[in-house]
Amino acid sequence: MICRKCGSHIPEGQSVCQNCGMEVEKTVSAVVPSGAQGKQAQIFTPDPRLSQSQPISPAGRATNVGVQTKKGVNLKILIPCLCSAVALALIIVVVVLLAGRDVRRFERALQTGNQSEVRMMYTKVSMQSSKAKKKRKYDTCIYDYLQAHYDEVRELTFAENTNAENMESELTDFQNENGYEMVSGIADLQNLASKSSTLLTRIEEMYTSKNSYISAVRLSEQANENEELYLQAVNALSQMDPEDAMYESGQALIETETQNYLNAVCGRVDTYLAQEDFTSAKELLLKAQEKLPNNAVVSEKINQVMNSAAEKYAKQADTYFHEGDIDAAIGNIQVALQFAPENGDYQSRLENYQLYIPRPLYISENMLSVQRHISGSAYLDTEEYMTANTGDTLPNCIRFHQGSRGTVNSCSVTYNLGGKYDAISGVWARSQECKSQDGYEYFEVYGDGKLLYTSPRIGRDVLPQSVSCTVSGVQTLTVVFKGETNEWDCDSILSDFVARKTVS
């Protein structure tokens with residue numbers, strides 16, 4: 001092996017020239033031409049005039065085979081590698097530029113409102129899994145577009161004192177000028193990124209907030225003291241989004257409309273009070289309290305109405321009581337308690353009035369005992385109605401029936417009054433069927449065994465008689481019916497027989 005630098009012989013197996021230290025790349029066997037077989041291959045020595053850095057050709061000329069850098073890098077290998085790297089870089093740049101061109105085209109379609117192109121391009125990448133990276137870039141473009149639209153609609157405000165019609169027109173113009181149709185088109189795209197879907201929802205909520213404000217202004221314009229419309233305006237304003245630039249204005253308008261509502265309610269309540277229609281006033285205020293719980297104005301007005309109504313009915317109850325109309329007195333004080341249920345004075349009055357309720361002695365349940373046939377053949381029973389000898393119909397009747405003639409007939413009924421009542425009263429009459437019969441009937445009243453009263457006698461052609469007697473302090477009351485007739489089966493009537501406490 002010959003060193004290509006100094007031409008010295010290098011023994012087989014050596015990797016470095018022992019003369020000059022040149023590293024041996026590969027061993028190249030000398031090729032002997034076929035016509036020179038048997039002849040020794042000619043070996044050329046280098047020309048000492050040549051630079052030791054140049055290899056020597058067989059003809060003795062310097063060649064450029066295997067040019068080395070100072071560090072020993074072969075330029076024939078380096079240059080092709082560099083060319084390949086440059087070519088690959090150019091390919092990558094071209095691919096990136098081509099991809100960027102599609103993204104810019106998509107952005108331009110969004111900004112110019114070209115819905116069909118946006119739909120076509122987005123659908124294409126959505127349907128191909130290999131286009132996932134490009135779809136993500138399109139999703140970013142969409143999100144940025146929606147975010148910009150959301151910011152614009154959020155910051156949209158209406159000038160103070162603008163009417164609802166002009167506000168609505170401004171909102172429509174805003175939508176036309178700021179790509180609302182594109183936003184609607186984006187909402188129809190399939191496989192939209194979740195963050196964009198969320199932003200679409202927020203955009204619609206923001207538009208709803210604007211429309212709520214407009215609706216409230218319109219309702220206020222139409223209200224004209226109609227409390228329901230004011231309340232609807234308040235409800236509309238409560239739907240506004242806190243991120244809306246108009247939110248603070250909405251809160252201020254809520255206070256205004258609430259006050260308008262209260263003024264309208266109080267005005268109608270005052271009208272009801274002037275008409276003494278306390279029930280309608282109460283119903284209206286309770287409704288207002290339900291809509292505006294814990295509102296001081298409503299609570300104060302309710303108290304005013306309740307107290308006024310309660311005082312009115314309590315006064316009427318007292319008047320009826322002293323006139324002796326206990327039922328009317330009780331009815332009015334019960335109404336007063338409906339308006340002022342916590343009023344202890346009204347409750348005491350009711351309990352006192354109830355003591356004056358007449359006790360119906362004609363009801364069998366209130367009879368302690370009934371004794372028949374004390375003498376002769378007689379009995380007592382009750383009838384809802386009976387006809388007197390005058391032809392008048394008498395209600396709530398105790399019938400005294402005599403079943404034998406020519407003898408005194410007698411029977412009795414006993415009551416437990418418990419000392420609560422001052423008087424008993426009723427109507428004593430002969431029945432229509434017996435008006436022409438001879439004979440007589442009467443009754444005696446005993447209080448705790450003592451005779452207190454004897455009724456008038458009734459008989460042929462005797463008109464009905466009002467009867468009463470004092471029973472103050474009586475615990476046990478006994479009424480004994482007596483009569484004698486010359487006919488069989490004679491009836492007499494004690495109608496509306498009651499015990500009552502006398503109003504002093």
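Is N409 buried or exposed? N409 is buried, with a relative accessible area of 0%; buried here means under 20% relative accessible area, exposed over 50%, and partly exposed in between, with a 1.4 Å probe and protein chains only. This asparagine is found in strand 5 (residues 408-416). Its side chain makes a polar contact with the side chain of Q402, at 3.0 Å. A polar contact is a pair of N or O atoms within 3.5 Å; within protein, one must be able to donate a hydrogen and the other to accept it, and residues adjacent in sequence count only if both atoms are side-chain atoms.

A word on what you're looking at. This is a predicted model, where local features need pLDDT of at least 70 and side-chain atom pairs count only at pLDDT 80 or more, while totals for chains, interfaces and linings use all residues. Residues are numbered from 1 along each chain as its sequence is written, and side-chain values use heavy atoms, with hydrogens and water left out.

The protein chain has twelve helices and twelve strands, taken as DSSP runs numbered from the N terminus (H or I, at least four residues, for helices; E, at least two, for strands). Of its 504 residues, 36% are buried.

Now the cores, meaning sets of buried Ala, Val, Leu, Ile, Met, Phe, Trp, Tyr and Cys residues joined through side-chain atoms within 4.5 Å.

| Core | Residues | Among the members |
|---|---|---|
| Largest nonpolar core | 83 residues | F106, L110, I142, L146, I186 and Y213 |
| Second, separate core | 29 residues | I398, F400, Y453 and V467 |

Leaving aside residues up to four places away in sequence, L146 touches V183, I186, S196, L199, L200 and I203.

Then there's helix 10 (residues 296-322): 27 residues, reaching 39 Å from first C-alpha to last, close to the 39 Å expected at 1.5 Å a residue; that expected span is 1.5 Å times one less than the number of residues. At its start, a side-chain oxygen of N295 reaches to within 3.0 Å of the backbone nitrogen of V297. Buried residues of helix 10 include V298, I302, V305, A309 and Y313. Their cover includes helix 8 (247-274), helix 9 (278-291), helix 11 (326-339) and helix 12 (344-354). After helix 10 comes G324, with a positive phi near 85°.

Key:
Contact = heavy atoms within 4.5 Å.
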